[in-house]
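Morning, everyone. Please look at the model on the screen, and I'll walk you through it.

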Amino acid sequence: MGIYIFRRMVSAIVVMAMVGVFVFLLLRFAPGDPAAIIAGDNATPQMIAGIRERLGLNKPLPVQFMHWALSMLGGDFGSSIFTGRPVLQLLSQRLEPTVSLSILTWILSVTMGVSFGILAAWRAGGSIDRALTVFAAVGFSVPVFVVGYFLVYFFAISTRWLPVQGYQPIANGVGPWLVHLILPTAALSVPFIAFIARITRASMLEVLSEDYMRTAAAKGASPYAMLFHHALKNAGVPILTVVGLSFAYLISGVVLTETVFNVPGVGRLVVDAINSRDYPIIQSVLILTSGLYVLINLAVDLAYTLIDPRIRY
Amino acid sequence: MTILRRDLFKLGLAAGAALSLPSISRAQAGPVDVQTVRLVLADLQVYDPMFSVGAATQNHGMAIYDTLFALDSKFMPQPQMVGRWGVSDDKRTYTFELRDGLGWHDGTPVTAADCVASIRRWGQTGSGELLMERAKDISKKDDKTFTISLKEPLGALTERLATLAGNCLFIMREKDADRPATEQVTTNIGSGPFKFNEALVKPGVSFAYDRNERYVPRREPSDGFAGGKVVNVDHIICENIGSQQTALAALQAGEIDAIYGPPVDLYSVIESDPNLVIQVIDKAGDDACLRLNHLQKPFNNVKARQAMLHLIDQEAVLRVIAPDSRYGRPVTSIFGNSTPYSNDEKTDWYQPGGDPERAKQLFQEAGYAGEKVVILQRSDTAVVVNATQVVAAKLREIGVNAELAPSDYGAYSKRRANKGPVEDGGWSLFMSSDSDYVQGDPTAAIYLNASGENAWYGWPKNDEFEALRAKWPDIETIDHRKALARQMQSIWWDFVGDIRLGQVLTTGTFARRAALTGFIEMPQRVALWNLQKV
């Protein structure tokens with residue numbers, strides 16, 4: 001197990017290095033000039049040239065790459081070329097909203113998705129199953145921003161129950177923090193609930209048709225014991241895989257959700273940085289995200305051993 | 001597993017209680033804070049107003065810095081930081097004395113040395129270069145007095161010091177201003193009516209200002225950007241809300257007080273809400289313009305440029321960029337509609353609907369042989385997308401091989417600097433806009449520079465026009481300038497430096513809650529003093 005984890009950690013570093021090279025080259029070859037954006041739309045070409053020179057954007061690419069790579073290895077992620085603020089400082093300001101939104105979305109999605117899936121499988125073919133199937137199809141198909149604006153209209157503008165937008169740090173109190181996250185979490189969770197519910201239902205249906213389930217029923221096992229002790233545990237591996245994979249989708253969903261609800265998270269930071277060609281921010285965020293993705297997949301792989309004792313590394 | 005009706009009832013009660021919790025918490029939030037104004041403004045990415053001409057940066061400068069002179073509502077320069085000033089009989093030496101009570105946010109006094117360093121730094125930008133060309137010496141005489149000596153008289157010196165075009169002359173501390181204009185100042189310490197609240201800055205999200213308690217406003221009443229800058233609120237929080245729909249919903253819900261530049265297609269929604277008001281603060285608005293590439297085919301031929309002049313149907317363009325006729329009208333003068341120099345010299349090309357047949361004939365006379373005409377299209381701005389589609393359609397109607405090249409602002413801003421042919425990544429035309437008010441000063445208006453390779457994108461060149469433009473700063477009376485303006489416009493429309501698409505008033509507009517008043521109605525910049533919230 002220890003060797004396996006070590007190998008995976010090494011592979012994570014290799015992946016991050018490859019992402020770094022790829023992102024650096026992609027950004028430099030993509031059209032766009034940060035100096036022109038900084039100077040403003042009506043700036044003269046002379047002013048833009050001066051800023052480009054000052055920022056070192058005229059230097060050869062290998063020189064720029066080496067400078068950046070060496071700084072990264074030394075733990076210096078650089079500074080925003082617009083605000084001049086350190087990238088890590090900008091990231092730390094944006095991390096809490098994104099992490100809060102992601103964790104709440106995961107909790108809500110997994111609990112509701114798995115519950116709906118189990119319920120649908122248990123009542124397969126019935127009205128609950130059909131209703132949940134319709135919900136899953138619609139929930140997975142409707143874009144997050146449509147759900148978002150729908151929720152804003154009913155719960156923020158019409159009823160004034162919840163705020164339209166914004167974020168309150170948890171340090172300001174759990175109440176305000178939660179109130180500002182209810183709508184974004186609900187909007188972002190819908191497709192994940194639908195996705196997890198469908199996978200859970202399919203996986204549970206397969207397990208429920210196994211001989212040992214019939215044996216358990218014949219032995220007089222309660223519905224609770226059959227569903228949760230016998231079926232869910234055996235259906236758990238594909239569900240866990242989906243939960244792990246959904247992280248990548250969650251990142252893309254977070255970007256949209258943060259925009260719709262004006263949540264100041266990492267997603268919006270990246271989108272703004274891409275629009276303004278703020279290279280240090282884009283590079284750092286993508287490298288860190290790729291590392292996180294590798295680590296989450298590692299955690300999922302390790303979690304398999306808890307569900308299925310036959311799996312060994 | 002049986003679900004009882006009693007369980008369902010309990011579930012309903014629990015859900016009801018959970019849903020009402022937020023409304024309870026809102027009810028406990030207390031009354032509206034009239035000392036804090038929340039605005040949705042463009043993101044403040046660059047802090048130094050000498051480093052960037054971006055509107056957000058210049059507006060930031062208006063809040064935290066002060067200016068030597070400021071324009072009143074009639075666009076006349078009035079002393080702001082300056083107390084007394086005078087000019088020598090030969091009009092070559094100006095002496096300025098700072099008024100009492102000026103101090104930096106860090107508590108130190110503003111000195112003449114700060115002003116001298118700031119003017120010199122400003123002189124490195126496009127807005128200040130003319131002064132630096134004419135200046136023989138800029139130096140301090142004592143802590144409160146400095147002089148500007150000129151090689152030859154400059155008629156509009158105080159007007160230039162108060163300019164709103166490009167980089168405004170904001171006075172910074174000497175130690176900040178003692179660096180090149182291409183190196184950003186990020187200390188944000190000014191002497192203006194607001195202090196920048198560094199603790200509340202979240203780049204890309206929000207920034208905030210606090211009232212500068214030590215600021216001493218002039219005694220004169222507020223008049224345009226001149227007069228007393230009286231601050232009536234303690235805090236101003238500026239938010240960057242990425243989605244305009246969300247911003248409007250927040251405005252309707254009272255979470256914010258005003259949105260700058262709401263999208264035109266939401267005007268009807270705003271106007272139907274009794275709590276909301278649309279207020280045009282920039283009555284001059286912007287002039288939309290087509291920049292033609294004078295260096296490459298087909299627009300390196302004057303006939304092709306004249307063809308564009310006849311082809312453009314300003315009403316058709318205005319229908320997509322300002323669908324409500326209250327907020328848009330044609331513009332035929334290169335000096336805009338709102339300036340004293342607006343005139344009708346050589347504007348016979350204009351006719352509602354354009355003249356496509358004449359345009360087609362002129363393209364033929366230009367020897368146009370089906371070359372690709374590439375139209376740069378900023379896809380992040382709806383009005384540009386729509387207007388360039390209209391232009392492309394008009395060109396195709398007369399047989400021109402027009403091709404739209406959509407891209408985000410980053411790619412667009414890089415490509416428009418390419419002077420090469422379209423086959424090498426160049427371009428033929430793009431749409432832009434600039435303040436109508438700024439067109440009244442041809443030495444500051446980037447569109448009205450026809451110096452060729454050193455001109456703004458499109459690089460128009462006309463020596464005769466440039467010779468007249470060079471005379472502009474030396475002319476002191478409006479009547480003489482009006483005469484010069486007619487001569488310049490006559491030349492411009494002959495060689496067709498660019499194409500005007502219409503004047504729009506939607507760019508300098510606030511959608512605000514009725515409870516927030518006091519916006520200063522001036523072009524180009526947003527002033528945050530004078531606001532009042534009830």
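**Two chains, one predicted model**

I'll start with a strand pair in chain B. Strand β6, residues 93–98, and strand β8, residues 145–150, run antiparallel and share five bridges. Keep in mind that this is a predicted model. One bridge to look at involves B:F96: its partner in β8(B) is B:F146.

Now widen the view. Which strands of chain B make up the open sheet, and in what order? There are four, in the order β5-β6-β8-β7, with antiparallel pairing. As background, strands of a sheet pair through backbone hydrogen bonds, either parallel or antiparallel. At the edges sit β5, residues 82–87, and β7, residues 135–142, of chain B, and each pairs on one side only. From one strand to the next, the twist averages 15 degrees.

A helix goes with this sheet. Helix α3 of chain B, residues 112–122, lies across β6, β7 and β8 of chain B. Its angle to β7(B) is about 160 degrees.

Stay by the sheet for a backbone point. B:K91 is in the loop between β5 and β6 of chain B. Phi of B:K91 is positive, near 60 degrees, and the residue is not a glycine. Is B:K91 buried, exposed or partly exposed? It counts as partly exposed, because it has 14 C-beta neighbours inside 10 Å.

There is another positive phi in chain B. B:F75, also not a glycine, has a phi of about 65 degrees. B:F75 is in the loop between β3, residues 69–71, and β4, residues 77–79, of chain B. Buried or exposed, then, for B:F75? Buried, because 20 other C-beta atoms lie within 10 Å. The cut-off for buried is 20 or more.

One more backbone feature in chain B. The peptide bond joining B:K297 and B:P298 is cis, with omega about -5 degrees. B:P298 is in the loop between β15, residues 286–292, and α9, residues 302–311, of chain B.

Next, the domains. The assignment for chain B gives domain 1 as 36–280 + 508–533, and domain 2 as 286–504. Taken over C-alpha atoms, the centres of domain 1 and domain 2 of chain B are 30 Å apart. Domain 1 of chain B brings 14 residues to the contact, and domain 2 of chain B brings 15 residues. What is the make-up of the domain 1 side of chain B that touches domain 2 of chain B? Nine nonpolar, five polar and no charged residues.

On to chain A. Chain A has twelve helices and zero strands. The C-alpha trace of chain A spans about 85 × 55 × 35 Å along its principal axes. Chain A has 313 residues, and 39% of them count as buried. Take the contacts in chain A between residues at least 6 apart in sequence: 73% of them join residues at least 24 apart.

Here is one helix pair in chain A. The axes of α7, residues 144–158, and α8, residues 174–208, of chain A come within 9 Å. They cross at roughly 145 degrees. The crossing of α7(A) and α8(A) is right-handed. By class, the contact of α7(A) with α8(A) has twelve nonpolar residues, one polar and no charged.

Helix α8 of chain A also holds A:H180. Why is A:H180 counted as buried? Because 26 other C-beta atoms lie within 10 Å. Leaving aside neighbours within four places in sequence, A:H180 is in contact with A:P163, A:G166, A:Y167 and A:Q168. A:F261 is 81 residues from A:H180 along the chain, with 9.0 Å between their C-alpha atoms.

Last, the two chains together. How many residues does each chain give to the contact? Chain B gives 44 residues and chain A gives 49 residues. In chain B, α1 (5–27), α7 (244–252) and α13 (409–415) each supply at least two residues of the side that touches chain A. Of the elements, α13(B) gives the most to that side, with six residues. The side of chain B that touches chain A has 16 nonpolar, 20 polar and eight charged residues.

Notes: Residues numbered from 1 in each chain as written. Chains lettered and ligands numbered in written order. Predicted model: local features only at pLDDT ≥ 70, side-chain atom pairs only at ≥ 80, totals over all residues. Pairing = 2+ DSSP bridges. Axes fitted to C-alpha atoms, helices over the stretch in contact; angles between N-to-C directions. Contact = placed C-beta atoms within 7 Å. Domains from an automatic or database assignment. Nonpolar A, V, L, I, M, F, W, Y, C, P; charged D, E, K, R; others polar. Left-handed = near helix turned anticlockwise from the far one by under 90°. Buried ≥ 20, exposed ≤ 12 C-beta atoms within 10 Å, placed from the backbone.
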